[in-house]
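Please read the notes below alongside the model.

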Amino acid sequence: MTSRTTPGLTRFNALPEPAATAALHEACASSAWGSALLAQRPFTTAEALYAASDAAMAELTADDLAEAMAGHPPIGRPKPGDPTSSREQAGMAGASEDLKTEMLDLNLAYQDKFGHVFLICATGRTGEQMRDAVRDRIGNSPEQEREIVRTELGKINRIRLARILEEDNA
């Protein structure tokens, strides 16, 4: 593993604070998470950034998690015109109408039970895998689900941070 700062990380570290705040908000809607990462700039390696993200995620309160989840559309219904949610939910794009309908029903049942959108790191998952996950998780307690959501958000944040570091113009 190299400790060399990559061009993408150098660019991220050099962003003016408003631009860095906006980039981090695109990765995760939690202002507490974004503030924690901003306070630690500059990062020497991508791994240091990911570790800071994980540490900040572990410290989020229930309200912070709710704020983070509010930035995520339901599975099967990416935000129109949002390439990030469309890319992340690509596994649902080719799903059958029956599966899409079932997922909508499961999303609504989950939201009724937990008061927030079903959140999963959808990158690389098929529609069936996402459906099976919501079926499995709907029986969880709110406390169990909050910790699963925290873990899933952490995975999503790492993927999104990696994309920020790969962008030509962050």
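1. Which side chain meets that of Arg131 in a salt bridge? The partner is Glu102, at 3.7 Å from N to O. A salt bridge here is a side-chain nitrogen of Lys or Arg within 4 Å of a carboxyl oxygen of Asp or Glu.

2. On provenance: this is a predicted model, in which local features need pLDDT of at least 70 and side-chain atom pairs count only at pLDDT 80 or more, while totals for chains, interfaces and linings use all residues. Residues are numbered from 1 along each chain as its sequence is written, and side-chain values use heavy atoms, with hydrogens and water left out.

3. Arg131 sits in helix H9 (residues 127-137) and Glu102 in helix H8 (residues 97-114), so their pairing ties together parts 29 residues apart in sequence. Helices are DSSP runs of H or I with at least four residues, numbered from the N terminus. Arg131 is buried, at a relative accessible area of 16%, whereas Glu102 is partly exposed at 24%. The classes are buried under 20%, exposed over 50% and partly exposed in between, with a 1.4 Å probe and protein chains only.

4. Glu102 also forms a salt bridge with Arg135, and the closest N and O atoms are 2.2 Å apart. Glu102 being in H8 and Arg135 in H9, this pair ties together parts 33 residues apart in sequence. Arg135 is partly exposed, with a relative accessible area of 40%.

5. The structure holds 9 salt bridges. Another one of them joins Lys155 to Glu152, at 3.0 Å from N to O. Both residues lie in helix H10, 3 residues apart, or about one turn of the helix. Lys155 is partly exposed at 37% relative accessibility; Glu152 is buried at 7%. Elsewhere, salt bridges with shared partners join Glu102, Arg131, Asp132 and Arg135 into one network.

6. The axes of helix H2 (residues 17-27) and helix H10 (residues 142-166) come within 9 Å and cross at roughly 140°. Axes are lines fitted to C-alpha atoms over the stretch in contact, with angles from 0 to 180 degrees between N-to-C directions. That angle makes H2 oblique to H10, since angles under 35 degrees count as roughly parallel, over 145 as roughly antiparallel, 65 to 115 as roughly perpendicular and the rest as oblique.

7. Which residues make the contact between H2 and H10? From H2 they are Ala23, Leu24, Glu26 and Ala27, and from H10 Asn157, Arg160, Leu161 and Ile164. Contact means heavy atoms within 4.5 Å.

Methods
Helices (H or I, at least four residues) and strands (E, at least two) are DSSP runs, numbered from the N terminus.
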